[in-house]
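Have the model open as you read.

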Amino acid sequence: MPIPRPDQRRHVRVDAADPHRRGAARGEQLRAHLPAALDVYDRLFALGGITPARVRDDAERALDAVGEFRPGARAEIEGIAHGAGLDPWRVAALNARTEILARSATVPPGECTTLVRRTTEPPGGTGGTDGPSGVVRTFGVQTWDWHVELSAHWHTLESRGGRHTVVGLTEDGILGKIGINSAGLALHFNILGHARDGVGGVPVHVLAAVVLAEAGSVAEAVDLVRGAPLASSGSFALFDGTDATLLDLSPAGVFAVAPDERGLLVRTNHFLTPVPAAEEKSWLYQPDSGERHDFVRARLARLRPLPDTSEALARCLVTGPGEPPVTCLPDPAEALGRRWASLATVTLDPATRTAAVLDGTPAELDTRPWRTLTAT
């Protein structure tokens, strides 16, 4: 089944120091598109047995949690609603869609694969070989896999006016997802599942937006995340010009994974640390997540040398028939809620502060359009 895509992907630019005004500018640009995105999520919520009253209650609780953690983030969500002519709880439901859908046993989460490389190059070289006296580089790539019905409901973003400029990709109405900021901090985003996931903390998508807006380094980002009230799970791959870490976020706490001996971080959709893994919703992700993780790690283990650019790293995510679906194509025989697709492929490079967004799967690196955004 081909993935339907708009002829021209939307790009949203906002520039305002006041978060409500920044949100209102977003909402105005998305006014014609948000009702259709909400319709898809309303159908997914209903499919999961989540009543409209429960959705509204969850959304309002999430908005209160955001307001207590970062009043500016709440103001920005309310600004989006104002600009789009919607009730604030409707936009809050989009931002808390991960937490609300965690109540469902019939709508499983999507499948994303992330790779980050931290390498040390010889002085003046570009070969990506490790050496104690070289120049450290980091770069990363991920697929964003989600319901094919939402293929028209995401956009690239350039947000100015906060502490840092942020560029990247997010869904219509959602503050943030995947991106890089003007300090050179990059964030890749994956969903995980824990038995205690629910509503009551800061939604993971809002937390990603706050990290990119405020943190200037991996160390700052980790401190910020550890100070956030979490009631749900996710993964942030965080890297700046010299440092990289992979975080397991969960109601049980935040746990870090360091790059392996070759400077690699590989993430699919299961916990990599023992404490949250003990209460993992493994039935949602396995065996798929483990198969993708093992496949990519085995592929990288065979490569000599390792990819030395983000685009070359992206080619490691290309898969075909008979292989684990790292490149994810929707199955037309499946029903709503089970048609997964690689809606985008994103590379992040702290050295150039760029996010390159492919409106396509990793297999379409040479045939679909890229949009390169620079956070300055």
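Helices here are DSSP runs of H or I with at least four residues, numbered from the N terminus. With that in hand, Pro-287 sits in the loop between helix 10 (282-285) and helix 11 (288-302). Keep in mind that this is a predicted model.

**Cis peptide bonds**
- Gln-286 and Pro-287 are joined by a cis peptide bond, with omega at about 10 degrees.
- Another cis peptide bond links Arg-304 to Pro-305, and omega there is about -5 degrees.
- You'll find Pro-305 in the loop between helix 11 and helix 12 (310-314).

**A positive phi**
- Arg-353 isn't a glycine, yet its phi is positive, at about 55 degrees.
- This arginine, Arg-353, belongs to the loop that runs between strand 12 (340-349) and strand 13 (354-358).
- As for solvent, Arg-353 is partly exposed, since its relative accessible area is 30%.

**Cysteines**
- A pair of cysteine sulfur atoms has to be within 2.5 Å to count as a disulfide, and the count by this rule is 0.
- Cys-112 is in no disulfide: the nearest cysteine sulfur belongs to Cys-328 and is 8.9 Å away.
- Cys-112 counts as buried because its relative accessibility is 7%, and buried means under 20%.
- Cys-328 is buried too, with a relative accessible area of 3%.

Key. Residues numbered from 1 in each chain as written. Predicted model: local features only at pLDDT ≥ 70, side-chain atom pairs only at ≥ 80, totals over all residues. Heavy atoms only, no water. Buried < 20%, exposed > 50% of the residue type's maximum accessible area, 1.4 Å probe, protein only. Helix = DSSP H or I, 4+ residues; strand = E, 2+ residues; numbered from the N terminus.
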